[in-house]
Amino acid sequence: MNPSILIINGPRLDDLSDYDGNSYGGLTLAKIRQACDALCTKLGVRLDFRQTEDQDKMFQWIARESEEFDGVIINPVGYSRAATVSLGIYRSAIQVIARLKKPVIEVHINNIYRQSAEITQPLHEPEGDMGFICGFGLHSYLAAIQAIKSRLDNRDR
């Protein structure tokens with residue numbers, strides 16, 4: 001059976017045309033999905049690619065539905081920037097997945113550590129099998145897929 005990866009995209013990722021004043025050179029969520037689909041097909045990985053504007057739905061995907069997958073990639077960009085949202089519930093859900101020894105990778109299109117970035121704290125989990133990739137645009141997603149596939153292949157040996 002082919003391994004499966006769930007990619008969850010948070011709010012405000014549906015329109016990357018002028019995100020926070022940064023031009024993404026025509027990058028769209030549809031183009032990201034297309035590239036992820038192509039790579040997963042090449043690697044023999046089943047992909048479920050999602051995006052939501054709804055805080056409760058995103059939590060449900062992380063806390064409940066992600067258990068059905070071998071690995072999870074999350075770009076929570078809208079929530080990590082929103083000052084009114086408590087990130088504790090998302091961290092708790094991610095901790096559960098990471099402690100199940102399933103690879104989880106948080107991705108960001110931009111480098112969240114650059115001086116002018118509003119995001120400075122990833123949803124990281126120090127325990128379990130969690131990674132973090134940022135600043136490579138579309139390639140952040142592709143690197144995350146390859147990393148999870150490699151991790152899953154090495155577990156099977």
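Which are the buried residues of α1? They are Leu 29, Ile 32, Cys 36, Leu 39 and Cys 40, and they belong to a predicted model whose secondary structure comes to five helices and five strands. Along the sequence, these elements follow the pattern β-α-β-α-β-α-α-β-β-α.

**Confidence**
- The mean pLDDT of the protein is 80, with 75% of its residues reaching 70 or more.
- Over residues 79-84 the pLDDT is below 50, although this stretch has 16 contacts in the model beyond near neighbours in sequence.
- Where pLDDT is low, the predicted coordinates should not be read in detail.

**The protein as a whole**
- Of the 157 residues in the protein, 47% are buried, while the protein exposes about 8000 Å², of which carbon and sulfur atoms supply 47%.
- Among contacts between residues at least 6 apart in sequence, 78% join residues that are at least 24 apart.

**Helix α1**
- Helix α1 covers residues 29-43, and its 15 residues reach 21 Å from the first C-alpha to the last, which is close to the 21 Å expected at 1.5 Å a residue.
- Seen down the axis of α1, the buried residues fall within an arc of 100°, so they line one face of the helix.
- The buried residues of α1 pack against β1 (4-9), β2 and α5 (138-155), whereas Ala 30, Gln 34, Thr 41 and Lys 42 are exposed on the other side of α1.
- After α1 comes Gly 44, which has a positive phi, near 75°.

Key: Residues are numbered from 1 along each chain as its sequence is written. This is a predicted model: local features need pLDDT of at least 70, side-chain atom pairs count only at pLDDT 80 or more; totals for chains, interfaces and linings use all residues. Side-chain values use heavy atoms; hydrogens and water are left out. pLDDT is the predictor's confidence in each residue, from 0 to 100. Contact means heavy atoms within 4.5 Å. Helices (H or I, at least four residues) and strands (E, at least two) are DSSP runs, numbered from the N terminus. Buried means under 20% relative accessible area, exposed over 50%, partly exposed in between (1.4 Å probe, protein chains only). Accessible areas come from the Shrake-Rupley method with a 1.4 Å probe; for residues, only the protein chains shown count as cover. The expected span of a helix is 1.5 Å times one less than its number of residues. The arc is that of the directions from the helix axis to the C-beta atoms.
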